[in-house]
Amino acid sequence: MRRPVTLLREAWRQLCETARLAVGVPDYGSYLRHHAQAHPGQAPLSYEQFFADRLAARYARGRSRCC
Amino acid sequence: MTTGTTANWMGKLGWLVFALFGAACLGVVALQRGEPVNAIWLVCAAVAVLVIGYRFYSRFIADTALQLDPGRATPALRRNDGLDFVPTDKWVLYGHHFAAIAGAGPLVGPVLAAQMGYLPGTLWILAGVVFAGAVQDMVILFCSTRRDGRSLGDMIRAEMGNTAGTIAMLGILAIMIILLAVLGLVVVKALAESPWGTFTVAATIPIAMFMGIYMRWLRPGKILEASLIGLVLLFVSIWLGGVVAADPDWAARFHFDGRQLAWMMIVYGFVASVLPVWFLLAPRDYLSTFLKIGTIVILALAIVAVRPDLQMPAVTRFIDGSGPVWSGSLFPFLFITIACGAVSGFHALISSGTTPKMLDNEKNIRLIGYGGMLTEAFVAIMALVAAAALQPGVYFAMNSPAAALGGTVESAAAAISQWGFVITPEMLTQTAKEIGESTILSRTGGAPTLAVGMAQILHSVISGEGMMAFWYHYAILFEALFILTTIDAGTRVGRFMIQDLLGTVHAPLRHTESWTGNLVATGLCVAGWGWFLYQGVVDPLGGINTLWPLFGIANQMLAALALIFACVVLIKMKRDRYVWVVAMPTAWLVLCTLVASWQKLFHENPKIGFLSNAKRFADAAASGQILAPAKSIGDMQRVAFNNYLDAALCALFALVVLTTLYFGLRAALAARRNSQPTALETPYVAAASVGT
């Protein structure tokens, strides 16, 4: 049984991740893990660059929004 | 008996009890007459239907019809790049998908449909979502996931041929234009003659710009901080709007009529969609997304806490098609009016957009595709509750065109009482005063009605002096905010589509970096929706009457397209036995869109048929007569021309459905002649063989 504090922290982390992805910014940690594994030796984007990149991608070709 | 089978039997018994509970709630909602039904019955009935639909029907679709394969690697696993293709936790992705599909549609449609009573709308939302809307979203998500997350247009081109793909693209562009016009009209109608509303909505522009600067230069990438600051500023602007409205000098500066607002919207749409995205579009998108989700949650909690009575009758006399809010009989127009919430073609674009690129496992298609749409249907039910909880007299005062009500509260009360809904002029004045507006008459478009409904419900939870007006303007702001976001994001999408089309004529126009291409295409897109918006604003029947059915037909047409494609894919996969799962909603949508288009074109009642209305104005103009609201022969000719244009658009929608049906049948017959499966899925890769 995990401690309530750990559970709360986990829930908050998940909530933040959901909120970020709801506006098109995926999890930066996953990106770093993927980058370290797939492109070892290359420097990953900083969070600021990552954010700017995702923002541009979200609206790049225009985004379909619902009615 | 072993413990396993006991648990199994207990489970079955539990579902049986739950089903009986749902049936009992639905029975109360459907059969009680005479006294008002409490909204909680409707909410419970809806929850029961949605949960049972999810548990049984979506499981059948997932396991038997589509045969989702958890062992098959999804695009996110195969092509993981940490950016576009990212395996994502199912609940996180559910949030992303829901935020993308939820918009103004499920809030406005059910409010407009309430003129027939709450029962027809409720039944259509529930049956529609379980058997059509959620099925469409789920199957398209499945198809796109099996095709590397490709878009609907691309998939139609690949499976049904180039011509079908181009026709689908044209259909998507047309729906975009009409969607932007009708949403713009909803905002114009909500802000016309309302300094408070206009001030708060205008204030969102500098607020968003500040957030944009904050997230780019001051604290790069800090979404939470910027959004919290933005939210606080929004609340300040609602309060400040009240101060502005109370001051005669300031109120005059923010007091505009529909025509002025329409022009502002057109200029705004153009400027906003050529500005850099980080400056205005993205920050307001963030704000509106969070506000939307938050408000939906608050509304759900408030409805459960307040449990309002539904004042609107279950079924009104207007099912015969003579209603003042929109014209046309229950079939087919109810099924057109409530598009989003029951079945929305637009979702096919989202389900073949970013979501399929982030699925970590095929089996989650059920939760995200089917479950996401069920939640949207629940939002639609809440909008219906908010509208039906209003006094019917107030509802009809807000939603009927000025032509039906006359200009004063006395004439309006008299007209509405004659329809059988008792209301006094004092009650109309009092309601307007409570929400801090000068009048509630003919505030059509659905948004103000929903705002009054929401304000009354939220006011029961947090009450106090002036709180009613605060909640009303909060609700207006919440709707206007994401509609404006849709308008500039949508204008951008339209611009890229037009650039693609122009590129086939003159190649350099296709380059998205080209300023000429950008300005020309944006100008064309804005001119397209601006035309229909302006026409809606000056329309004698209030505009919504004309534009909402056109939008509904367009949206259901797109759903028909997506479902025809889904049928073709299932047949190509040699799943003919289960094709009825998608063929049933396809048939229904094709029927609804074609009958509705036919009636909008050729109905002899000028309130319904575009051509007979055009003829009425053209004939009168020819004999020198002038019909209201036209003031000159020129106006008369313009009304006639606009009706011909609407008719042409309607005919185009019907034509798109018919040609797609033809290409669908052709592709299906070809697939049946072949003894092998012919669907063009990406080759099978085992999930176990791909590292994450």
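## Confidence

The model scores ipTM 0.91 and pTM 0.95. Chain B has an average pLDDT of 93. In that chain, 99% of the residues score at least 70. Where pLDDT is low, predicted coordinates should not be read in detail.

## Chain B: overall build

Chain B holds 27 helices and two strands. Its C-alpha atoms fill a box of roughly 70 × 70 × 60 Å along the principal axes.

## Chain A

Chain A has three helices and zero strands. Along the sequence its pattern reads α-α-α. Chain A counts 67 residues, and 34% of them are buried.

## Where the chains meet

The contact draws 44 residues from chain B and 27 residues from chain A. On the chain B side, four helices each supply at least two residues: α4 (90-101), α13 (281-306), α15 (346-351) and α22 (467-505). The residues on this side of chain B split into 25 nonpolar, 15 polar and four charged.

## The nonpolar core

The largest nonpolar core has 255 residues. Which members touch the most other members? They are B:Ile381, B:Val385, B:Ala397 and B:Ala566. Helix α24 (residues 544-572) of chain B gives this core its largest share, 22 residues.

Leaving aside neighbours within four places, B:Ala566 is in contact with B:Val139, B:Ile140, B:Cys143 and B:Val582.

Helix α20 spans residues 425-434 of chain B. Its buried residues are B:Leu428, B:Thr431 and B:Ala432. These cover an arc of only 100 degrees around the axis, so they sit on the same side of α20(B). The face turned away from that buried side carries B:Glu426 and B:Gln430, both exposed.

What lies over the buried residues of α20(B)? The cover includes α17 (392-399) and α19 (409-418) of chain B. Just after α20(B) comes B:Gly436, with a positive phi of about 75 degrees.

## Backbone points to check

One peptide bond deserves a look. The bond from B:Phe331 to B:Pro332 is cis, with omega near 5 degrees. B:Pro332 lies within helix α14 (residues 330-337) of chain B.

B:Glu193 is not a glycine, yet its phi is positive, at about 55 degrees. B:Glu193 occupies the loop between α8 (162-191) and α9 (195-218) of chain B. It has 15 C-beta neighbours inside 10 Å, so B:Glu193 counts as partly exposed.

B:Arg307 is another residue other than glycine with a positive phi, here near 45 degrees. B:Arg307 sits in the loop between α13 and β2 (309-310) of chain B. Is B:Arg307 exposed or partly exposed? With 15 C-beta neighbours inside 10 Å, B:Arg307 counts as partly exposed.

B:Ala686 belongs to the segment after α27 (633-673) of chain B. Because B:Ala686 has 11 C-beta neighbours inside 10 Å, it counts as exposed; the cut-off is 12 or fewer.

Not counting residues up to four places away in sequence, B:Ala686 touches B:Gly71 and B:Ala73.

Note on methods
Residues numbered from 1 in each chain as written. Chains lettered and ligands numbered in written order. Predicted model: local features only at pLDDT ≥ 70, side-chain atom pairs only at ≥ 80, totals over all residues. pLDDT = per-residue confidence, 0-100. Contact = placed C-beta atoms within 7 Å. Nonpolar A, V, L, I, M, F, W, Y, C, P; charged D, E, K, R; others polar. Core = buried A, V, L, I, M, F, W, Y, C linked by C-beta atoms within 7 Å. Buried ≥ 20, exposed ≤ 12 C-beta atoms within 10 Å, placed from the backbone. Arc of directions from axis to C-beta.
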